[in-house]
Each structure stands twice: as C-alpha cells, then as structure tokens.
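Hi,

Here is the structure I promised to pass on.

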Amino acid sequence: MSNPFVRIVEPLDPKQPLKKFFNLSKLEDVRYARLPFSIRVLLEAAIRNCDEFLVKKGDVENILNWKVMQHKNVEVPFKPARVILQDFTGVPAVVDFAAMRDAVKKLGGDPEKINPICPADLVIDHSIQVDFNRQSDSLQKNQDLEFERNKERFEFLKWGSRAFKNLRIIPPGSGIIHQVNLEYLARVVMDQDGYYYPDSVVGTDSHTTMIDGLGVLGWGVGGIEAEAVMLGQPISMVLPEVVGYKLVGNPQPLVTSTDIVLTITKHLRQVGVVGKFVEFFGPGVAQLSIADRATIANMCPEYGATAAYFPVDDISIGYLIQTGRDNEKVMRTKKYLEAVGMLRDFKNSSQDPDFTQVVELDLHTVVPCCSGPKRPQDKVAVSDMKKDFETCLGAKQGFKGFQIAPDRHNSIVKFNFEGRDFELAHGSVVIAAITSCTNTSNPSVMLGAGLLAKKAVEAGLTVKPYIKTSLSPGSGVVTYYLKESGVMPYLSQLGFDVVGYGCMTCIGNSGPLPESVVEAITQGDLVAVGVLSGNRNFEGRVHPNTRANYLASPPLVIAYAIAGTIRINFEKEPLGINASGKKIFLKDIWPTRNEIQAVERQFVIPGMFKEVYQKIETVNKAWNALEAPSDKLYTWNPKSTYIKSPPFFDGLTLALQTPKTIEDAYVLLSFGDSVTTDHISPAGNIARNSPAARYLTSRGLTPREFNSYGSRRGNDAVMARGTFANIRLVNKFIDKQGPQTIHFPSGETLDVFDAAERYKQAGHPLIVLAGKEYGAGSSRDWAAKGPFLLGVKAVLAESYERIHRSNLVGMGVIPLQYLPGEDAGTLGLTGRERYTIIIPEKLKPQMNVQIKLDTGKTFQAIMRFDTDVELAYFHNGGILNYMIRKMAS
C-alpha cells in the first residue's frame with residue numbers, strides 16, 4: 001500500500017521543473033487544515049524520509065483526527081534536515097564517532113560508514129571564559145587564553161572536520177551557536193536534492209529551540225541521540241500533544257522581551273508541558289519581532305516543553321531579508337509556504353488550528369521582572385525583588401530559601417579592593433553579565449541596555465569596581481550595531497566591555513572573582529548575588545561564590561550593577577547619587593520603546609549581517625593556523641587529559657546480550673525534586689578537593705591547568721569523577737550540601753565517585769532515587785554517560801525532563817517512573833534498602849515492572865521505554881551499540 005500522504009508531488013516553479021515538494025495541503029481531507037503548524041512540519045520530515053510512514057499501523061486516521069490522536073501512542077520516525085552542535089557536546093560526539101570507527105573496524109565492518117549523512121554544523125562557543133574584564137583588550141586576552149587552554153581540543157575538532165564529511169566547524173570567536181543558527185545557518189525552507197521542504201533541526205544543546213521563533217522546528221537532544229541522527233537513524237518519538245499558547249494585547253512601554261519570556265516560563269511550568277509541543281498563536285504574536293519570538297522559544301527547556309513553535313509569517317520573511325539572506329531564495333521560500341498552506345497570518349483566527357489544550361496571556365499584563373534566586377521559573381516582579389530576597393534569606397533551605405539566622409540578615413563585611421575600602425552584605429551584586437543566547441540575539445534589549453548605559457553615564461552614575469561586569473554578545477553583528485549606534489563607549493565606561501563571543505557566564509565560564517571579594521563572602525557566609533541576562537540560574541552553575549543568581553533583561557543587569565545590590569526598590573529608592581548630590585532613579589534613565597525602535601531601524605541593517613557572516617569560517621587566524629592530521633582513524637594519545645578513547649564499546653560483539661534482572665542494587669544517591677543536569681554533571685570549575693582534581697594532579701597538572709568539566713568532556717576518566725560533583729548537590733543521605741554519599745556496606749561518607757568505585761569493585765549494581773523533573777536543564781549527554789560509568793543501572797523518579805530520559809535510554813540506563821500517586825514517601829522508601837528490578841523476557845513500551853526490596857516489600861513502576869525503537873536500543877545496550885552493530889553488519 002502506498003502512502004496517501006505522498007501522492008501529490010508537483011513543481012513549485014515552472015521555470016525550475018526539478019524543484020518539487022510534497023503538498024500535504026491538497027489532501028482530500030479538510031482535517032489537515034486543523035493540524036497545528038508544528039505537526040505539519042513534523043509530518044513533512046517523516047514523509048520525506050519514510051515511504052511506509054505509519055500506514056502499516058493504520059495510524060493515518062489518528063493523525064488527521066487530532067482529538068483522537070492525542071490519546072494514541074502514535075510513533076513518528078522524525079528525521080530532521082540538519083544537526084547543530086556546540087563544542088562542549090560536540091567534542092564528546094566526535095570522540096564517540098572516532099571510537100565507533102575503531103569498533104566497526106574490529107567487528108569487520110567499514111569504519112568510514114561512521115560518517116554524518118546530513119549537514120552538521122559545530123559552533124565553538126562554550127570554551128571562552130571571563131578571565132579578563134573591564135579592560136579594552138579583554139576580548140583579545142580571553143581569546144588568547146581560550147586557545148592556550150583548548151588547543152588540543154580544537155586540533156581534535158579540526159581533525160574531525162577533515163575526517164568526516166558533512167561536518168562543518170564554525171571557529172571560536174564567531175558567536176553563540178543559537179544566534180549563529182538564527183542569523184546565518186537556518187534556511188526556513190530547504191532547497192536540496194531537487195525538492196523543497198521545511199527546515200528542521202536537532203541540536204546537542206537544549207536551547208536549540210530558539211530557532212522555533214523563526215518557524216524552523218527544532219529542539220535539543222543529547223549528544224548520543226544526535227550522533228545516531230547524524231548517522232541516519234530517525235528519532236522515534238510519540239506524536240506529541242500540542243498546547244496552543246494564545247497571545248493577545250500589546251506589551252506596556254517599559255516591558256522587554258525578557259519580561260515576557262520569564263512570565264511565560266512561570267506560567268507554562270504551572271500548566272505542565274513536559275514532553276509536549278507549545279505553539280504560539282493569536283494577534284499578540286504579530287506584535288513580537290523575530291528576536292522577541294526567539295527569546296521566548298529559547299527558554300523552552302526552562303518551561304519543560306519539547307518545542308516552542310512560532311509558524312512562519314510575513315515578519316519571519318522580513319527577518320530573512322533583514323539578516324542578509326539571498327532575496328531570490330527568500331521569495332521562493334515564501335512561495336513554497338503559501339503553496340502548502342503554511343504561511344501564517346496571526347490576525348486571521350480562521351487559520352487557528354485545533355490544539356489539545358489552549359492557554360492565554362494578555363501581553364498588557366506583563367510587568368518588568370526577574371527570576372530567581374535558584375530557578376528560571378521562579379519569577380519575581382522587579383517591584384517585589386527587595387522584599388522577596390529578604391524573605392528568601394530567612395526561609396528554609398530550598399529553591400526559595402537560604403536559612404540565614406535573623407540576627408545575621410544585616411551582616412556587613414568590610415574589605416579592600418585596589419586600595420579602596422568597600423562593604424559587602426547579603427544581596428550584594430558581585431557578578432553582572434550581559435550574556436547568553438537568550439537575550440544577546442535581540443537588538444531591542446541590547447540597544448536598550450546601551451541607551452540606558454548612555455543615560456546613566458551622562459547622569460553621573462558608575463558601577464563599583466569590584467563587581468565583575470561583562471558583555472559577551474551572541475555574534476559579531478551585535479558589536480557592530482552597538483558601535484555604529486554610538487552606545488558602546490558608554491557600556492565600556494560602566495565596565496561592560498566585550499569580553500568574548502560565547503556563552504561565558506551563562507554556562508559557568510564566569511572566571512574568578514577578586515580574592516578580596518571571595519574572602520569577604522566566605523568570612524561573612526554571605527549570600528552574594530549574580531545578575532545575568534541568561535536562561536539558567538541553577539545552584540552552583542554561575543559561580544561557586546554566588547548563592548543567589550537572578551535572570552534579568554540586559555538593561556536591568558546594568559541597573560542592578562549600578563545599584564550594587566538586589567535589595568533595592570527601584571520605585572522608591574535611587575540607583576545612586578551623582579557628584580552633584582542629585583538622586584538618580586531608574587525611571588530617569590530607562591529608554592522608551594520608541595527611542596529603542598528608532599535606533600534599531602537606523603542601525604540594524606542587512607549589510608552588517610552580510611559583512612560579518614561572509615567571513616565567519618576564515619576570520620579567526622589562530623584557528624586557521626592549527627595543524628591537524630587527516631587520517632580517517634584517530635590516533636589516540638595515551639598522555640592526553642582532554643581526548644581519550646571511551647570504554648563504551650569495550651568487548652562489544654555482534655551478538656546481543658539478553659537484558660537481565662537487576663539484583664540487590666544499592667541506592668547511590670537519593671534526591672528530591674528538580675535535580676538538574678548541572679547537579680548530575682557540572683560544566684564549570686573543577687574543585688581542588690574533588691576526585692577529578694586528584695586524577696588530574698596525578699597526571700602532572702596544576703590547578704591552574706584544570707580548566708573546566710565542560711572542556712574535559714572528551715575524557716571519560718575526568719567526567720566519571722565529575723559525575724554528581726556539584727558543590728550544591730542535595731543528597732538526602734547527607735545533612736549538608738555537597739557531592740558526597742554514604743557507602744552503606746561500610747557506613748562511611750565518601751565522595752560519590754569513590755563510593756561508586758567501592759560498589760563496582762564488590763560487584764554491586766547501583767540505582768538512583770529522585771523526585772519530580774529529574775534531569776531538568778541542559779541536554780548534556782554526560783549526565784547519562786557519567787552515571788553509566790559509575791555503575792548506575794536504573795533511575796527511579798517521579799518524572800523526567802524529556803532530553804535526559806532520552807539520554808538515559810541512549811546509554812542503556814533504565815528510566816523507571818513511580819505509578820501515578822506514588823513516590824518514595826507514599827511507598828515508605830528510605831533508600832537504604834536493596835532493590836531487585838525484575839526485567840521480563842518480553843518487553844513492551846511503558847510496561848509496568850516489579851521491584852522487590854530486601855525488606856520484603858514489593859511495588860511496581862513504569863519502565864519508561866516509550867517506543868519499540870527505544871526497546872531495541874535497550875536490547876543493544878544503548879543507541880551507539882545499536883548503530884555500531886548496524887554499520888558493522
């Protein structure tokens with residue numbers, strides 16, 4: 001039986017008869033017109049890659065009947081058009097590819113079959129750190145140090161770009177992956193192999209969803225899953241529910257896109273959208289620029305959805321022209337979208353699809369806000385920030401509490417910095433960073449920050465010199481328009497010089513604080529504050545010495561830097577007093593929306609984008625000078641502490657091993673809710689007293705040479721030791737924060753890695769207990785690889801974030817989920833029991849399995865292998881083993 005979806009293939013342009021496309025919109029079924037636009041793109045991708053798509057299961061009717069579909073586990077083999085990677089996740093991906101080539105060769109296959117078959121772009125943006133700031137040459141110094149630290153990694157990536165076809169490297173210093181994707185890499189409509197079809201992408205970074213703001217369906221996957229996609233394996237996913245998010249009204253004059261996204265993040269966390277698509281519609285969408293939409297789509301992982309999709313409209317087409325895309329291609333793109341009924345008019349309600357659920361936000365109700373002090377979804381109105389922080393000081397230790405004794409709330413510690421005396425208190429700002437893909441892609445907030453800086457300087461305001469200020473734009477275009485518009489000198493005067501093009505402070509590459517500041521914080525046990533225009537503020541992520549971290553718009557970052565404290569009510573208290581004794585309030589220097597838009601219209605022009613991006617792959621001289629081998633098989637250096645052949649494929653045979661029951665497993669760690677991938681596999685500094693530090697020291701390195709966990713992801717020996725090494729880890733077995741656990745056979749308290757090694761040597765399997773939202777945050781595959789190497793066979797949690805569950809599946813670690821209404825508390829689990837997880841011979845998706853305890857108690861849990869394909873991965877011991885066997889045979 002042929003696929004009815006593929007029956008219409010027609011030329012788009014009579015002058016180019018080879019240019020064809022699948023016209024789903026001409027199906028003889030009006031139900032297609034009611035499908036969400038995001039699902040249409042998903043179907044196009046599935047159709048293009050799978051002629052037998054769903055027909056044998058008779059699921060075509062379920063897809064067309066949207067209301068029936070949401071109650072069916074309809075499986076979609078989604079093959080995205082492109083893959084994007086950043087270097088923190090890209091290095092381990094290329095390491096895996098190199099090791100997979102070795103494994104395929106050992107099994108008698110052709111190693112060159114391990115090669116990307118779809119376009120893959122790797123943007124180096126995670127390696128640069130804020131080592132230097134407040135200097136005119138900070139950018140060059142940071143870039144020089146980046147190359148000094150990461151030369152071996154960069155040489156390895158350059159080898160990868162030569163050894164593998166379809167792998168393009170965007171050199172360091174070019175910008176942040178998602179902004180480069182938005183401004184340059186994204187096609188919106190693919191024009192390839194004689195066909196037009198919608199652009200779609202998966203990336204090894206959770207914020208890949210940013211591209212959804214331009215109408216390109218994309219989301220983050222773990223590196224393991226991305227590798228399989230690059231090798232031609234589709235992503236097998238259950239067709240998701242789509243929540244329609246209706247935007248109405250106009251934003252108030254003082255509100256930024258950051259305020260809107262923080263409001264939406266809190267709202268959708270409350271709604272509950274994990275594992276679902278969110279699609280935006282309604283007349284309010286037409287009020288948002290593409291940069292605004294991209295900001296909202298970027299923080300999709302923070303509200304837990306798979307995708308946050310804005311269908312393409314005329315504003316999207318205008319953005320393609322503004323960013324210097326080829327005019328003729330843009331017009332063909334528009335013509336194609338019109339032909340297939342996928343060009344959206346948000347003011348036309350007759351185009352509104354059927355959704356599984358609809359929620360609404362009136363943009364006029366949004367107020368200026370921040371989020372924190374420990375989670376992105378904890379939104380606080382700016383007018384309430386002072387009161388909220390002071391409440392958090394005394395509240396019980398938790399997401400909104402620091403448990404500081406009442407008599408210490410007003411503690412002050414005096415210190416000296418560069419010959420001058422200063423004071424720090426709870427709430428003092430010590431880091432202020434305009435950073436991250438979330439906001440630096442948006443000209444309105446970046447120019448808004450520049451105009452605010454200009455007015456602040458003109459009013460006589462300054463920023464205290466000990467505050468670590470920084471500006472790390474998402475692309476060279478940002479620096480271009482900040483300079484051309486004349487605001488860059490004012491940003492520099494307040495300490496916000498350009499320090500690098502990369503993620504920097506947002507991913508924990510914030511660099512060191514002044515020693516006197518650290519000593520003052522430590523002496524007073526102060527809750528010091530970081531304020532950043534980023535997307536994540538999890539504990540221990542931004543900097544070890546900032547216990548409170550707030551997400552804010554770029555203008556607010558500057559405002560809090562000037563104030564020097566989070567304990568300020570901007571409506572009643574002045575930002576500062578100038579040399580003339582005049583009180584200057586925030587309202588005195590806040591630029592109006594009209595001011596910002598006028599500057600944006602004048603200075604954000606297509607020529608800038610063309611000039612920056614036409615030389616993006618060749619402009620970095622240090623990168624061009626790197627030497628790298630061109631061999632198809634990588635020659636591993638046993639002395640390297642950065643690049644090491646991983647043990648994942650040791651002893652792999654063509655024959656499958658039958659999965660066995662997990663018997664008498666100990667619990668390595670017991671967690672509560674919202675344990676993030678930062679807690680599981682931190683990206684930042686390597687603590688000097690950690691197992692990873694001891695390993696690197698044994699290899700002859702000094703602490704100055706440790707670099708970060710993120711930069712060491714090509715070395716499994718470091719990363720295994722860095723698993724659960726976050727200094728803010730809260731393990732229920734231990735009465736304080738820290739990366740330790742109890743080794744139950746001996747009763748000793750040990751570092752997590754050391755305890756796991758003891759269990760492994762004795763032949764004991766391990767599991768982890770967790771609460772809700774286990775694995776929230778970044779898409780890092782080491783949050784699954786690390787536990788696998790520690791001997792963790794399964795995780796038992798109340799719920800999982802989508803990407804992390806997929807990564808566990810990819811590594812062959814069983815994700816178990818409590819039955820509805822049950823958790824560790826209701827079942828009376830302490831974590832001190834031993835667990836036997838019975839694995840039946842015949843498995844099916846989402847089946848219940850029996851768990852027996854050594855206490856005699858028995859209960860059931862859901863085995864979260866959601867599709868038949870995921871079960872196939874499990875039988876192979878993981879997705880990479882599956883691909884190796886497939887390639888070798």
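A word on the ground rules. This is a predicted model, so local features need pLDDT of at least 70 and side-chain atom pairs count only at pLDDT 80 or more, while totals for chains, interfaces and linings use all residues. Residues are numbered from 1 along each chain as its sequence is written, and side-chain values use heavy atoms, with hydrogens and water left out.

Salt bridges

Side chains of opposite charge can pair when their charged atoms come close. I counted a salt bridge when a side-chain nitrogen of Lys or Arg sits within 4 Å of a carboxyl oxygen of Asp or Glu. That rule gives 38 salt bridges.

Start with Lys-785 and Asp-96, whose closest N and O atoms are 2.7 Å apart. Lys-785 belongs to helix H28 (residues 782–790) and Asp-96 to helix H4 (residues 87–106), so this pair ties together parts that are 689 residues apart in sequence. (Helices are DSSP runs of H or I with at least four residues, strands are runs of E with at least two, and both are numbered from the N terminus.) Is Lys-785 buried or exposed? Lys-785 is buried, at a relative accessible area of 1%, and Asp-96 is also buried at 1%. Here buried means under 20% relative accessible area, exposed over 50%, and partly exposed in between, with a 1.4 Å probe and protein chains only.

Next, Arg-168 and Asp-121 form a salt bridge at 2.6 Å, N to O. Arg-168 is in strand S6 (residues 167–170) and Asp-121 in strand S5 (residues 120–123), so the pair links parts 47 residues apart in sequence. Arg-168 is partly exposed at 26%, whereas Asp-121 is buried at 3%.

Then there is Glu-390 with Arg-567, at 3.2 Å from N to O. Glu-390 lies in helix H13 (residues 385–394) and Arg-567 in the loop between helix H19 (554–563) and strand S24 (576–577), so they tie together parts 177 residues apart in sequence. Glu-390 is partly exposed at 31%, and Arg-567 is buried at 15%.

There is also a network of salt bridges that links Arg-805, Arg-864, Asp-866 and Glu-870.

Domains 2 and 5

The protein is divided into domain 1 (6–78), domain 2 (80–237), domain 3 (239–311 + 346–367), domain 4 (370–611) and domain 5 (662–888); these bounds come from an automatic or database domain assignment.

The C-alpha centres of domain 2 and domain 5 lie 26 Å apart. In contact terms (heavy atoms within 4.5 Å), 36 residues of domain 2 meet 31 residues of domain 5. The two bury about 2,700 Å² between them, with carbon and sulfur atoms giving 59%; buried area is the accessible area (1.4 Å probe) that two parts lose on being put together, summed over both. On the domain 2 side, Phe-88, Ile-224 and Gln-233 lose the most area to domain 5, together 25% of what that side buries.

How many salt bridges are there between domain 2 and domain 5? The count is two. Elsewhere in my list, Glu-148 and Arg-704 also meet in a salt bridge, at 3.7 Å from N to O.

Cheers
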